[in-house]
Amino acid sequence: MSTGSADPTSTARTDASADLAGFGYKQELNRTLSTPDLIIYGLVFMVPIAPWAIFGVVFNEAKGMVPLVYLIGLVAMIFTALSYAQMSRAFPIAGSVYSYVGRGLHPVVGFFAGWTILLDYLLVPTLLYVFAAESMSGIFPAVPKPVWIIVFLLVNTAVNYIGISFTALVNRLFLAAELVFVVIFVVMAVSAIVRGVNGARFTTTPLFNPDQFTPGLAATALSIAVLSFLGFDGIATLSEEAKGGRKAAGVAMITGLVLVAFFFVAQTWLAAMLVPNTTQFADADVNNAFFGIVATISNHGWQIAFLAMNALAVGIANAVAAQSATSRLLFSMSRDGRLPRFLSHVNPRTKSPERAILVVAGLTLVAGLFFVGQIDLISTLVNFGALTSFLLLHVSVVGWYLVRQRSRNVLLHLICPVLGFAIIGFVLWNAEPAAKIGGVVWLVIGALVMLYYQRKGTGILSEHAADPFTEPQH
């Protein structure tokens, strides 16, 4: 007879499964992800090297203060991360904001929260494939962009279909590769600054330049920065595959957000110091500004290597994470009867929502081929979906904790969500008109979907519908 203590990992996994049963669900997905796995997933989703592709655009908008943009973004998004952490602790289930708002406020509002972020999650993989195809076409101009979209899509669907453990392994490998390139750039940049290449020198001006800073610039920076950190919220969709307990997703989201902000600030600070006499990049150079800097401090070979790493990070690693999040959201909403129930099927061998994964792949393929060359349009629609769901998330924190649970934690359950709501509301209010129009159209479609299920007798307000939004049973 064993006299040793129980395995804490096994105990946590058992407790998590018991929690899930308390919400009326059974453990179907593979609960194998550690908290470091969740952090890695979040980092891969947000892409530590994301500033490479947009450095020139942000530089022009921020008058050279690119690292300041990301510092503003960190402060702005930390309130949303805290709200996610609070709700993921209360409801450690795969539905993310769909479940949080549905249980914290009302099932109908929850449906629309899930529907709006679904717009984000469905179009993010499309956006990533289009970005990656653009990068690869710069390296292999003879290969049509749609071919790259199909190649990346097939690879990523296979990775997700095999199962979450394999997806976690791929995430680790790609994160390691990205960090290696970050280190290479840091070494190159510091060496070039020390040697004074093109007049480069160490300075804090990119962090804050009082001669160029204005309230209007801060508002512009806020809009850019908030959207640069989208992706940390995807961690919440993996709650039913995490084995670290109720706090795991929240810890991973906040940790990942802080870490990726550090990478963003460090790289853009160094890059800005390497163009000391530049105030604006020309239109012809703006999209490849960062890669031009790499060529200046090294050679053309390294420039191509950085372009390839950027394309692979976005087209495979980032898109794998996005497809994982989207399929889990579809799984959760269909499990509750809010979307076709066949999407809730879980492969008994891989324990992954295979049908949801394949549907996401099919929709992404159609959208990707349709939106080739229309990056701006996809981006505006993605932004509306994410920001609207974040607004509802903040309201759900107040509704659940302060109103229903009578919480006395004013900081986390009132002040933080109110500040988060104000920041996200400001960004959404100043979004492009196309984003608002497209978002309203998407909401109308969502209302029609909800009415369709209502007429079938399985809708949210139906007397005979199963209601998953009840108090957890313990």
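K63 counts as partly exposed at 42% relative accessibility, where buried means under 20% relative accessible area, exposed over 50%, and partly exposed in between (1.4 Å probe, protein chains only). K63 sits in the loop between helix 3 (51-61) and helix 4 (66-90), the helices (H or I, at least four residues) being DSSP runs numbered from the N terminus. Although K63 is not a glycine, its phi is positive, at about 55°. Most residues other than glycine have a negative phi.

This is a predicted model, in which local features need pLDDT of at least 70 and side-chain atom pairs count only at pLDDT 80 or more, whereas totals for chains, interfaces and linings use all residues. Residues are numbered from 1 along each chain as its sequence is written, and side-chain values use heavy atoms, with hydrogens and water left out.

A positive phi of about 55° is also found at S96, again a residue that is not a glycine. S96 belongs to the loop between helix 4 and helix 5 (97-104), and with 1% relative accessibility S96 counts as buried.

The side-chain contacts come next. A salt bridge is taken as a side-chain nitrogen of Lys or Arg within 4 Å of a carboxyl oxygen of Asp or Glu, and by this rule the count comes to three salt bridges.

| Salt bridge | N to O distance |
|---|---|
| R172 and D37 | 2.5 Å |
| E240 and R335 | 2.8 Å |
| R328 and E241 | 2.8 Å |

In the salt bridge of R172 with D37, R172 lies in helix 8 (residues 164-195) and D37 in helix 2 (residues 35-46), so the pair ties together parts that are 135 residues apart in sequence. R172 is partly exposed, its relative accessible area being 41%, while D37 counts as buried at 9% relative accessibility.

For the salt bridge between E240 and R335, the partners come from distant parts of the chain, E240 from the loop between helix 9 (215-228) and helix 10 (248-273) and R335 from helix 12 (residues 300-335), 95 residues apart. Both E240 and R335 are buried.

In the salt bridge that joins the side chains of R328 and E241, distant parts of the chain are again linked, with R328 in helix 12 and E241 in the loop between helix 9 and helix 10, 87 residues apart. R328 counts as buried at 1% relative accessibility, and E241 is likewise buried, with a relative accessible area of 0%.

Methods
Helix = DSSP H or I, 4+ residues; strand = E, 2+ residues; numbered from the N terminus.
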